[in-house]
Amino acid sequence: TSDDPHIRFYAGCPLKVSNGSKVGTLCIIDREPRDFNKDDMALLRDLARMAEQELAALQLATMDELTMLSNRRGFEILSRHVLGLCRRSNKPASLLFFDMDHFKKINDRDGHAEGDRALSNFAQLLKQTFRESDVLGRLGGDEFAVLLTNASKDKVDETLLRLQQTVDEHNHESQRGYEIIYSVGAVQFDKAHHPDIAELMAEADAQMYVQKKGKA
């Protein structure tokens with residue numbers, strides 16, 4: 001048929017990331033039949049390992065080592081891609097900007113190791129609450145962000161309530177001598193007012209600060 005790609009040769013080697021998940025295939029395709037011996041297969045495997053090393057380096061550059069969430073760079077890269085999809089498909093999106101309250105007191109009183117534990121615990125609570133399709137990131141220090149897509153304002157409010165309940169349960173069960181408390185700013189994506197993720201983050205950050213200031 002006219003849409004037949006006329007592929008007469010194919011060889012592929014799966015690509016995996018550090019946790020063992022398969023993320024794709026390095027493949028060779030041709031419209032002419034070809035022989036493929038053991039040396040050719042070994043070369044393809046070597047090329048696949050090189051590609052995996054590049055993927056691992058990119059993952060390290062965009063991942064926060066402590067919490068295993070995206071770092072600021074990774075969060076912004078993923079969010080730009082997601083917002084582009086939302087623009088094209090007219091899907092809703094919302095950005096949540098979190099800042100942990102009294103985090104400095106934990107560091108000063110209990111030490112930086114305990115501060116790291118608090119950050120890791122909060123990251124785990126975020127992972128438990130939000131969907132795999134949501135973009136989660138630790139922006140730096142005690143600041144976190146989540147980009148939700150295809151969720152109405154009511155759904156966002158419901159998710160925030162569920163997060164607070166999850167955090168309350170954690171605080172009730174924890175025996176660390178402190179509670180995880182946070183402030184959050186929530187902003188709905190508007191393609192007319194948010195040409196880039198930077199504007200959305202700035203507005204959500206400002207909303208978070210209003211809430212934090214109200215607690216003072």
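Which residues of helix H3 (residues 103–110) are buried? Before the answer, a word on what is being read: this is a predicted model, in which local features need pLDDT of at least 70 and side-chain atom pairs count only at pLDDT 80 or more, while totals for chains, interfaces and linings use all residues. Residues are numbered from 1 along each chain as its sequence is written, and side-chain values use heavy atoms, with hydrogens and water left out.

The term pLDDT stands for the predictor's confidence in each residue, on a scale from 0 to 100. The protein chain has a mean pLDDT of 89, and 92% of its residues reach 70 or more. Confidence is highest in strand E3 (residues 93–100), at 97, and lowest in helix H1 (residues 38–61), at a mean of 74. Where pLDDT is low, the predicted coordinates should not be read in detail. The names of these elements follow DSSP runs numbered from the N terminus, with helices (H or I) of at least four residues and strands (E) of at least two.

To return to helix H3, its buried residues are Phe103, Ile106 and Asn107, where buried means under 20% relative accessible area, exposed over 50%, and partly exposed in between (1.4 Å probe, protein chains only). These residues lie on the same side of H3 because they cover an arc of only 95° around the axis, the arc being that of the directions from the helix axis to the C-beta atoms. The face turned away from this buried side carries the exposed residues Lys104, Lys105, Asp108 and Arg109. Strand E3 and helix H4 (112–129) are among the elements that cover the buried residues of H3.

The backbone around H3 also deserves attention. Most residues other than glycine have a negative phi. His102, in the loop between E3 and H3, has a positive phi of about 60° although it is not a glycine, and this residue is partly exposed, with a relative accessible area of 49%. After H3 comes Gly111, whose phi is positive, near 100°. Another residue other than glycine with a positive phi is Asn90, at a value near 55°; Asn90 sits in the loop between helix H2 (72–89) and E3 and counts as exposed, at 59% relative accessibility.

Thr166 counts as buried at 17% relative accessibility, and, leaving aside its neighbours within four places in sequence, it is in contact (heavy atoms within 4.5 Å) with Leu125, Gln128 and Thr129. The C-alpha atoms of Thr166 and Leu125 are separated by 6.9 Å, although these residues are 41 residues apart along the chain. Gln128, which is found in helix H4, counts as exposed at 57% relative accessibility.

Strand E5 (residues 143–149) holds Ala145, which counts as buried at 0% relative accessibility. Beyond its neighbours within four places in sequence, Ala145 is in contact with residues including Phe75, Leu95, Val135 and Leu136.

Val135 and Leu136 also belong to the lining of the second largest pocket, together with others, among them Met63, Leu78, Lys127 and Arg131. The space in this pocket is about 270 Å³. Its lining divides into seven nonpolar residues, one polar and four charged, where Ala, Val, Leu, Ile, Met, Phe, Trp, Tyr, Cys and Pro count as nonpolar, Asp, Glu, Lys and Arg as charged, and the others, Gly among them, as polar. On a 1 Å grid over the protein atoms alone, a pocket is an open set of points where a 1.4 Å probe fits, with protein on both sides within 12 Å along at least five of seven lines, and lining residues have an atom within 4 Å of a point; grid points are joined across faces, edges and corners, and a volume is the space filled by probe spheres set on the points.
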